[in-house]
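These are my notebook entries on one structure. I set down what I looked up and what I found, in the order of the search.

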Amino acid sequence: YLDGVDMLIAAEDNSRTAALVSGTVDFIEYVPSQDIPILEADSSIELAGNSIQQIRMISFNLTRAPFDDPKVRQAIAMAVDRGPIIDAALSGYGTPTAQIFAADFWASLGPLEIPAPDIEGAKALLAEAGFADGIKTTLTGWSEYGFLKNSAVVVQEQLKQIGIDAELNLLDTGSMLQTVYGDFDFDMVVTGDSSFVDPNSLIYRNFKTGESSNISRYSDPDMDVLIDSGIATTDLAQRTEIYQEIAEKLLVDLPWVCLYIGQQYEAMKTYVKGYEHIPTGSNISVR
């Protein structure tokens, strides 16, 4: 049906939407959430998507003070207000979460109530940890993913409420991959993970001791045992219990503060046929 496919890079959200509306391109991924109503109202365009297996979070470098102190991480978790983050990042098209798996995912803890932000409680915890006068640090983020950049900006503002002055360091994709995922040179980073089908794909690479994708440098012998157990058994009921225990442990240890699960859309002209949105985020159906 096609002689070929041309792929264009348009880092700016507005550029992608404008290119599709004008017919310069036939298909876009990562539909800018603020433009969803515009595209829905355009009779020449169809949207695909919504659900996707992903997580967006604050990840701490546990090898650096003060983030090696659980009280500091707990204070930050208490200060985070996910609603404004989702509004800024995704124009409201997201689901707040404190746990690592979506509530409807088989390995999750199910629907969990997310406590309201507790600014005074967070300040008290920081004081207990020896930081009554505040903390100066850095917050790294992606400059080329608008939703992650906006998430980092809001997180920066929210941390100021508890005396954490975090200088924002927004990196292009190449620099992010080298600095954070290669050199582990960061204090805190707002980032994400996606495209997993089995929970092990997410858990092993991010939380197993010594794994190259474990950017937090999180290491816990009990977690390593749980991860190995999740791989070793094929019984779904047993695996559910194991990954629920992992999810509970992550809520206590807090190498990450989970923020939200985004809704991801693709948009295309109505003459584009046969595309299937896959909840892992894969674009294999383009083939």
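**Conventions.** I worked on a predicted model, in which local features need pLDDT of at least 70, side-chain atom pairs count only at pLDDT 80 or more, and totals for chains, interfaces and linings use all residues. I number residues from 1 along each chain as its sequence is written, and side-chain values use heavy atoms, with hydrogens and water left out. I take helices (H or I, at least four residues) and strands (E, at least two) as DSSP runs, numbered from the N terminus. I call a residue buried under 20% relative accessible area, exposed over 50% and partly exposed in between (1.4 Å probe, protein chains only).

**Entry 1, helix α3.** Which residues of α3 are buried? I found Val72, Arg73, Ala75, Ile76 and Ala79 within the helix, which spans residues 70–79. They lie on the same side of α3 because they cover an arc of only 155° around the axis; the arc is that of the directions from the helix axis to the C-beta atoms. An α-helix has 3.6 residues a turn, so residues three or four places apart point the same way. I then looked at the N-terminal end of α3 and found Asp69 as its cap, with a side-chain oxygen 2.9 Å from the backbone nitrogen of Lys71.

I looked up the peptide bond between Ala65 and Pro66 and found it cis, with omega about 5°. Pro66 belongs to the loop between β3 (54–60) and α3. I noted a positive phi of about 50° at Ser91, although this residue is not a glycine. Ser91 sits in the loop between α4 (82–90) and β4 (94–96) and is partly exposed at 35% relative accessible area. Arg217, also not a glycine, has a positive phi of about 60°. Its loop runs between α8 (199–207) and α9 (221–232), and Arg217 is partly exposed at 29%.

How many aromatic pairs does a search of the whole structure find? I recorded 15. Rings of Phe, Tyr and Trp (its six-membered ring) pair if their centres lie within 6.5 Å; planes under 30 degrees apart count as stacked, over 60 as edge-to-face and the rest as tilted. Tyr30 and Tyr145 form an edge-to-face pair, 5.7 Å centre to centre with 65° between the planes. This pair links distant parts of the chain, 115 residues apart: Tyr30 is in the loop between β1 (27–28) and α2 (36–40), Tyr145 in the loop between β5 (135–142) and α6 (146–160). Tyr30 is partly exposed at 26%, and Tyr145 is partly exposed at 28%. Tyr93 and Tyr265 are also edge-to-face, at 6.3 Å and 85°. Here the separation is 172 residues, from the loop between α4 and β4 for Tyr93 to strand β9 (residues 264–269) for Tyr265. Tyr93 is partly exposed at 23%, whereas Tyr265 is buried at 12%. I also found one aromatic cluster formed by Tyr30, Trp142, Tyr145, Phe147 and Tyr181.

I count a salt bridge when a side-chain nitrogen of Lys or Arg is within 4 Å of a carboxyl oxygen of Asp or Glu. The structure holds 12. One of them joins Asp187 and Arg64 at 2.9 Å, N to O. Asp187 lies in the loop between α7 (173–179) and β7 (188–194) and Arg64 in the loop between β3 and α3, 123 residues apart. Is Asp187 buried or exposed? I found Asp187 buried at 13%, whereas Arg64 is partly exposed at 28%. Arg64, Asp185 and Asp187 are linked in a network of salt bridges.

Arg205 and Asp193 meet in a salt bridge at 2.5 Å, N to O. Arg205 is in helix α8 and Asp193 in strand β7, 12 residues apart. Arg205 is partly exposed at 25%, while Asp193 is buried at 12%.

Ser59 lies in strand β3 and is buried at 0% relative accessible area. I found its side chain in a polar contact with the side chain of Ser216 at 2.7 Å. A polar contact is a pair of N or O atoms within 3.5 Å; within protein, one must be able to donate a hydrogen and the other to accept it, and residues adjacent in sequence count only if both atoms are side-chain atoms.
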